[in-house]
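Dear colleague,

Please find the structure below, handed over for your own work. My findings follow it.

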Amino acid sequence: MAIRNVVQEGDEVLRKKCFEVTAFDEKLGTLLDDMRDTLRKEDGAGLAAPQVGILRRAVVIDVPEGFFEMVNPVIVDAKGEQTGWEGCLSVRGKRGIVTRPNVVKVEYSDRKGKRKKITARGFFARAVCHELDHLDGILYIDKAERVDRD
Ligand code: ZN
């Protein structure tokens, strides 16, 4: 386990499309462990692999509903709308107002490759949308109607 460096806005790695995870091996487990440790140290709600410089479709999310590791996640359904403040560990010192779905259904694999499905609501749904955007090189500041200094 280790704390990894969180890449900051301006680094090209945050603007690339991530590759599907095909090997559910020890290396993936180490990546997810390190992402969890890094997220907790930074006190964030979510972290995507490209934020630690790895172009793989993997995210970790830490919300009141629990701690989730999502590999190859896909949003299969989205409903409603919520508008609120959002921040990002890769965009330090800023926050912005972003509109997201209020409910999303997401399918993903766990670290062993077992496919799972969960419905996320409210802030959890916002976190899922934000982290999945990272896997396609999208940052919240691209979608924000307003960005302020935090
Ligand atoms: Zn982010």
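Gly137 is found in the loop that runs between helix 2 and helix 3 (140-143). Please note that this is a predicted model.

Gly137 has a relative accessible area of 7%. Because the cut-off for a buried residue is under 20%, Gly137 counts as buried. Leaving aside residues up to four places away in sequence, Gly137 touches Leu14, Arg15, Lys16 and Asp142.

The zinc ion has as its protein donors Cys88 through SG, and His130 and His134 each through NE2, at 2.0 to 2.3 Å. The sequence spacing of these donor residues is C-x41-H-x3-H. Distant parts of the chain are linked by the pair Cys88 and His134: Cys88 belongs to strand 4 (residues 82-88) and His134 to helix 2 (residues 122-134), 46 residues apart. Cys88 and His134 are both buried.

With 13 residues at 1.5 Å a residue, helix 2 should span 18 Å, and its end C-alpha atoms are 19 Å apart, which agrees. Eleven of those 13 residues are buried, so helix 2 is largely enclosed by the rest of the structure. Among the buried residues of helix 2 are Phe124, Val128, Cys129, His130, Leu132 and His134.

With kind regards

Definitions and conventions:
Residues numbered from 1 in each chain as written. Predicted model: local features only at pLDDT ≥ 70, side-chain atom pairs only at ≥ 80, totals over all residues. Heavy atoms only, no water. Donors = N, O, S within 2.8 Å, 3.2 Å for Na, K, Ca; no water. Helix = DSSP H or I, 4+ residues; strand = E, 2+ residues; numbered from the N terminus. Buried < 20%, exposed > 50% of the residue type's maximum accessible area, 1.4 Å probe, protein only. Contact = heavy atoms within 4.5 Å. Expected span 1.5 Å × (residues − 1).
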